[in-house]
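User: I am new to this structure and would like to find my way around it. Could you walk me through how its parts meet?

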Protein chains: 2
Amino acid sequence: MMRILKFSDPDFSAQLQRIEQRADEVPDVIEETVKTIIADVRKRGDVALFELSAKFDRIDLTVETIEVSAAEIDTALAAVSDESMAGLQLAADRIAAYHAKQKQETWLSTDEDDVLLGQMVRPLDRVGIYVPGGKAAYPSSVLMNAVPAKVAGVAEVIMVVPMPGGEVNPHVLAAAKIAGVDRIFKLGGAQAVAALAYGTASVPRVDKITGPGNIYVAIAKKLVFGQVDIDMIAGPSEILVINDGSGNAAHIAADLLSQAEHDELASAILVTSSETMAIAVQDEVEKQLQQLSRETIARQSIDDFGAIILAEDLSEAIEFSNRIAPEHLELAVDNPFAILSAIRHAGAIFMGHHTPEAAGDYLAGPNHTLPTGGTARFFSPLSLDDFVKKSSILSFTEGGLQRLSQEIIQIAELEGLEAHAKSVSIRLKK
Amino acid sequence: MMRILKFSDPDFSAQLQRIEQRADEVPDVIEETVKTIIADVRKRGDVALFELSAKFDRIDLTVETIEVSAAEIDTALAAVSDESMAGLQLAADRIAAYHAKQKQETWLSTDEDDVLLGQMVRPLDRVGIYVPGGKAAYPSSVLMNAVPAKVAGVAEVIMVVPMPGGEVNPHVLAAAKIAGVDRIFKLGGAQAVAALAYGTASVPRVDKITGPGNIYVAIAKKLVFGQVDIDMIAGPSEILVINDGSGNAAHIAADLLSQAEHDELASAILVTSSETMAIAVQDEVEKQLQQLSRETIARQSIDDFGAIILAEDLSEAIEFSNRIAPEHLELAVDNPFAILSAIRHAGAIFMGHHTPEAAGDYLAGPNHTLPTGGTARFFSPLSLDDFVKKSSILSFTEGGLQRLSQEIIQIAELEGLEAHAKSVSIRLKK
C-alpha cells in the first residue's frame, strides 16, 4: 500500500530526504569510465565509435553504415500506421505552435546620450539531439527536442540514437522525419555525446547537445559542458499532486501511476488536505496497480519513492510543494488559478482536474523536458531559448563617447586598468 | 613587435590553434584539489570555511566575523570619493536600464481546442555572486552581476569576496552597496563556491552562482553545476577587431592593449584588409606598450596570443571572425551596420570607430560577462534571463481533453506506457 505520512511524523524528514536524494550520488567509477570513453573518441574518432558500438550496442558500424540512410528511413516509415503518423504530426504541430510563442526578437534602442544599444538573437548553427534507444525509445522525446530547434531556426539538427543489435524503433524515425531532423547517426552512450561535442570524420561537431539518456549519457553531457552547451542535468522523473479534497480519487491515482510506471526511481507524491481523499487514493492506487502491464516497475516506484501526505490545509500543501520544487505539479483543486501565484517553483503546472500530466507529455504543446530533483528552483523547461544565442550590440557616436568618457576613465582608473582608460582618452584628443 | 600573419602562411593554422587552445586543458590535480575542498565544506561546513580561509587567504574568520558587517561597509564607503560613487552610480543606472529591456513577461494563451497554455516567469529566490579579491577586485564585476539580479527581482543577493590578509577593496563594497547586494561574506576560492552551493550554518544555500574567478573557482562552479545553476565557464578574455583600412591606427592599438593588459593569457587580434593599417597598428602597439604601467603583462599577452592578420577583403575577415566566435568583436569599419548581419557569433559587438570595448566594460549598459574561447557559438552574455526561471502552465477543459484524448492515448500506447494512456481514458468514462 502507498504510505500515508503527516508532516508531524517523527520520521517525516528522513522519509523525504530518502526520496529527494534518491539519485544524488554518482559512483566515481562511472565518471572514470565516461572520461575514458570521451578521451578515446577525441583521440581515435570514428575508430573508437566503431569499437565502442560493437562492445556496448552489439552493432558493427562502418563509415558507410554509421549514418541512417534514406532507404532505412523509408523502410521504417513503411512500418508506421497512418494513424500513428497523424498522431505524431498533431503533436509536432502543437509543440511548434507553443514554442513559436517563446520567440525573442532582436532589438535596438537609443538613449539620451545618443548611445545605441541592443541585443541580437540568432539560432544556433548545429544542434545534437540524444535519443535513447531500445525499449525506452520515445518518439515524443524526438519531437520535444527537434521541433523547438527547428522553430528556432537551427540550420542542422543531428540526432544520435543507439540501435542495440541493429534494432530500430520505427516511430522514433517517423518522429525524426516529421520534426525535420537533418541527419541521424546510430550511436548511443557516452561515445555519442563525445562524438557530437568534438566531432569525428563522420559525425559533425555541434554547438549544443540536448535530450535525455541514462547515467552515462548524463555524466558525459556534464563533462563536455563548456566545450558545447547542454540542456540540463536530468534526473529521474517526479510528480507532485496538490489536492483540496475535490475531484476524483481514481483520476489522481491514475496520474500518480503514470509517473510511477516510468522507472523504479520515479517519484509520485500526493499532498492533500483531505483524509478521505488520502485513503481513497491509496485504495485506487492499489487497485489500478494490479491492472498495469508495467506493474512491477510502478509498484517498486510507489513503494520506494511514493507517498500520500496529509496536510492541515492547502497553504501547508503549497509550502511543501515549494520546498520540493517538483518537475510536474498537478493542482488537482477546484480553483487552481486562485493558488497559481503562490507556486514559486515547478517545471510544469497542470491546472485543475481535467489536465493529466500525460497530456503534457505528448501534445499539449509545452516541452516535456523539465527540471527534475528540485532544480526547478533555477532551471526552466526546455524552450526556444535553448536553441538561440544572443550578442550584445553597442554603438557610440563621437558625441556620446565624449559625454560618458569621464566616468569610463574614472572607473577604469580605480580598477587600475590604465590601457582601458587610454582607449577612451585617446579618442578625445583633437 | 606584434606579429603580422596571412591566412596563406604555412604555419597559420598552428599559430591560431595555439591561441585558441591557450586555456583548454585543466591539470587533473587542480580538479582533485577542488573536489576535496567541496567535499570538506559539505561535510564540515563553517569549520572547513574557517580553516581553508586561514590557509589560502591568511584571514581568521569566526561565526561573528565571516560576514561583512554594516560597520565595515560604512568604514569602506568613507574611503570612496564622491566622484567615484557618482561614476559607479551612473554605471549601475545604465546597466539597470539596459537589462530592464530584457525582461520577459508571463503569458497565457488559449487555442482552438480550448486548451489554455502559458509560461510563468519568476525571479530566482537567492543568487550568489562571486567577486575576486585582492588585486583583481573589480567593482564593475559587482555591478554587472548584482544589478541584473536585482532588476530581475531576486529577493536575496549574496556576495562572496575573498579578503586576503584582511584586505578589503572599498570600491567593491561601494559597488555592492549601490547594487543592493543583501549580504557579503569574506570568502573566496572553491570553498566559497561550495558554501554557496550547499549552504553552511553561516552561509545560506543559493539557487545560482554567477561571477568570474580563477581556475579553482571556475572548476568548482562546473562541479556544483546541477546542484545549483551557474552562469558560464569563463576562460581568459579576448578581443577581435575587424578593420577595412578606415579609422585611426592609434585607436585600434589602444583597444587591443586594453584587452592585453588584463592578463598574460588574454588575446588581442586585429584582422584587417589594409596592409598600411596592419603596419601602422604594429608600430602604435609597440609605442603605446612602452607607456603602460601594466606593460609586462600586456607585452606577454601580445607576444604570446596577439596577432595582426592580413585579409584579402572584408568578407574574409568576417569569415575568420565567425570561426573564432570572439568574446569582444569590434567592427572598426566605416559602415559597421552594413556587415552586422554577416556576424554569426560574438559575445558583444562594438560598432564603428567611436565604440571602444572599454565603454562596454563599464557603463554602456550591456553586460561585460561574455562568452569566451569560442563559446559565443552557443552561450550568451549574462542577462536578465540568468536570474529568472520559467514554469509551463497547462489547463485543459473537460471538452478540450476529450477532443485531444485519442491522439494522447495513441502516442502513449505506441510508447508502451499504459498508465499514461489510462490517466486520460479514465477521465472519458461517464
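Here are some questions and answers on the domains and chains of this predicted model.

User: Which domains does the assignment give for chain A?
Analyst: Happy to start there! Two of the domains are each written as two stretches: domain 1 is 4-23 + 235-364, and domain 2 is 28-104 + 124-230. The remaining entry covers 396-425. The assignment for chain A therefore gives domain 1, domain 2 and domain 3.

User: How far apart do the C-alpha centres of domain 1 and domain 2 of chain A lie, and how many residues does the contact take from each?
Analyst: The C-alpha centres of these two domains of chain A lie 32 Å apart. The contact between domain 1 and domain 2 of chain A takes seven residues from each of them.

User: Which residues of domain 1 of chain A lose the most area to domain 2 of chain A?
Analyst: Domain 1 and domain 2 of chain A bury about 510 Å² between them, with 54% of it on carbon and sulfur atoms. On the side of domain 1, three residues together make up 73% of what is buried. They are Tyr362(A), Leu363(A) and Ala364(A).

User: How much area do chain B and chain A bury between them?
Analyst: Let's turn to the two chains. Their contact takes 120 residues from chain B and 119 residues from chain A. Of the area buried, 57% is on carbon and sulfur atoms. The total is about 10,800 Å².

User: How many salt bridges are counted between chain B and chain A?
Analyst: One pair to look for is Lys35(A) with Glu31(B), whose side chains meet at 3.3 Å, N to O. That pair counts because the distance is within the 4 Å cut-off. The count between chain B and chain A is 14 salt bridges.

User: Which helix gives the largest share of the side of chain B that touches chain A?
Analyst: Across this interface the rule finds 71 residue pairs in polar contact. By class, the side of chain B has 56 nonpolar, 34 polar and 30 charged residues. Its largest share, nine residues, comes from residues 398-414 of chain B, helix α16.

User: Which residue of chain B stands opposite Ile393(A)?
Analyst: Strand β14 of chain A (residues 388-395) runs parallel to strand β13 of chain B (residues 348-351), and three bridges join them. The residue opposite Ile393(A) lies in β13(B). It is Ile349(B).

Notes
Residues are numbered from 1 along each chain as its sequence is written. Chains are lettered from A and ligands numbered from 1 in the order in which they are written. This is a predicted model: local features need pLDDT of at least 70, side-chain atom pairs count only at pLDDT 80 or more; totals for chains, interfaces and linings use all residues. Side-chain values use heavy atoms; hydrogens and water are left out. Contact means heavy atoms within 4.5 Å. Buried area is the accessible area (1.4 Å probe) that two parts lose on being put together, summed over both. A polar contact is a pair of N or O atoms within 3.5 Å; within protein, one must be able to donate a hydrogen and the other to accept it, and residues adjacent in sequence count only if both atoms are side-chain atoms. Helices (H or I, at least four residues) and strands (E, at least two) are DSSP runs, numbered from the N terminus. Ala, Val, Leu, Ile, Met, Phe, Trp, Tyr, Cys and Pro count as nonpolar, Asp, Glu, Lys and Arg as charged, and the others, Gly among them, as polar. Two strands pair if DSSP finds at least two bridges between them.
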